[in-house]
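Welcome! Try each task before you read on.

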Amino acid sequence: MNKKKTILILPGDGIGPEVCKPAKNILESVSHIYDLGLSFEEALVGGSAYEETGIPLPEETLEAARKADSILLGAVGGHQWDELEYQYRPERALLGLRSELDLFANFRPAILSKHLTSSSSLKPEKVENLDLLIIRELTGGIYFGEPRGRKEDKPVAFNTMIYSQEEIERIGRVAFEAAQKRNKNLCSVDKANVLEVSVLWREVISDLSKEYPDVKLSHMLVDNAAMQLVREPKQFDVIVTGNLFGDILSDIAAMMTGSIGMLPSASVNSENKGMFEPVHGSAPDIAGKGLANPLATILSAAMMLRYSFGFEEAASNIEVAIDKVLAEGYRTHDLEGSQDTQLSTDEMGKKVLDNLKN
Ligand code: IPM
Ligand code: MG
């Protein structure tokens, strides 16, 4: 039997709890099949934590996150909290977890299932077999740079985009290593024609590339990268970029796959401990209606098994099960499909569960 591992589930807000439930069922099931020794805890996060405790990331949740071997997060946020002061907003919980746990490396794969080619907003030939990986630096840059704030006497606000050589190097290494395991093509995205911080970024990544001679490195300006993603997405293998550019580019890449409801993500620290979550948000408009697609969260659970624990067989069992369900034509409401194969959130979870290999 594998050593016991504790997974902290943070369902959060909106559709978060609905998509975490089937993902947890599936983790329980593979734990049983492969004797993985997974156990589960749950804690409050985001708006629902604010309602109970007055803050979006209670100390208790942070403690539980530090102790857990891995974290599965649903989603945070909702319109009822939009007017709250900055430090009380649900999103602060996400940023707090990222920085407190030093989850600096964010993996956002955009993989288009061959069964969903027609769901993409791009022409099928542009996206067929698309498989690209965005690696976003997640604990630095303009998201966390100091100083930031407002001028006292004027209606002026400011943030600071700052990166140190160390920060660029450590995300660079993660990206080069990821590229080595894939098609050995790495594109580093910056704004080096304008921003000083990007000039340093480019220098550091270029220097680092000498240690990875097998990886072909290119640099691209972020505006061009946004265009190229829409023009010819298959030219990319791995993209590495800073926090803000990665936020934007990963949403563009997400749409290539037809639905943001399909995309998982992993945020890890240097020991591969991490937080795994769907790329989509809390979707308050469909919360509680059984319309949400649980596949992004289920795929995030698979990423957890692979990245954090090295349980490759269990992870691919889940991915193969999802592929079978999609091949059989089953869809949730966010994906094109016929009425008679349309499933609710729970039904989709159940279908995947039924297809797991015992
Ligand atoms: C994301 C989200 C977050 C971010 C928000 C909710 C703070 O957009 O994970 O991409 O900007 O990082
Ligand atoms: Mg985002």
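**Exercise 1.** Find the place of I260 in the chain, and decide how exposed I260 is and what I260 touches.

Solution. Start with the secondary structure: helices (H or I, at least four residues) and strands (E, at least two) are DSSP runs, numbered from the N terminus. I260 sits in the loop that joins α9 (243–256) to β11 (264–268). Next, look at burial, where buried means under 20% relative accessible area, exposed over 50%, and partly exposed in between (1.4 Å probe, protein chains only). With a relative accessible area of 30%, I260 is partly exposed. Then list the contacts, a contact being heavy atoms within 4.5 Å. Leaving aside residues up to four places away in sequence, I260 touches D251, A254, V279, H280 and A296. Finally, compare I260 with L208: they are 52 residues apart along the chain, and their C-alpha atoms are separated by 33 Å.

A note before you go on: this is a predicted model, in which local features need pLDDT of at least 70 and side-chain atom pairs count only at pLDDT 80 or more, while totals for chains, interfaces and linings use all residues. Residues are numbered from 1 along each chain as its sequence is written, chains are lettered from A and ligands numbered from 1 in the order in which they are written, and side-chain values use heavy atoms, with hydrogens and water left out.

**Exercise 2.** Work out which domains the chain has and how many residues are in contact between domain 1 and domain 2.

Solution. Begin with the bounds, which come from an automatic or database domain assignment. Domain 1 covers 1–111 + 264–358, and domain 2 covers 121–257. Now take the centres over C-alpha atoms: those of domain 1 and domain 2 are 24 Å apart. Last, count the contacts: 16 residues of domain 1 meet 22 residues of domain 2.

**Exercise 3.** Is V325 buried or exposed, and which residues does V325 touch?

Solution. Beyond residues up to four places away in sequence, V325 touches Y330, M348, K351, V352 and N355. A192, by contrast, is 133 residues from V325 in sequence and 44 Å away in space, C-alpha to C-alpha.

**Exercise 4.** Name the buried residues of helix α4 and say what covers them.

Solution. Helix α4 spans residues 91–100, and its buried residues are A93, L94, L95, G96, L97 and R98. Their cover includes β1 (5–12), α3 (59–67), β3 (70–75), β4 (105–111), β5 (131–137) and β12 (274–278). Just past α4, D102 has a positive phi of about 55°.

**Exercise 5.** Describe the chain as a whole: how many helices and strands are there?

Solution. Count 12 helices and 12 strands. Then note that buried residues make up 53% of the 358 residues. To finish, check the box that the C-alpha atoms fill, roughly 55 × 50 × 45 Å along the principal axes.
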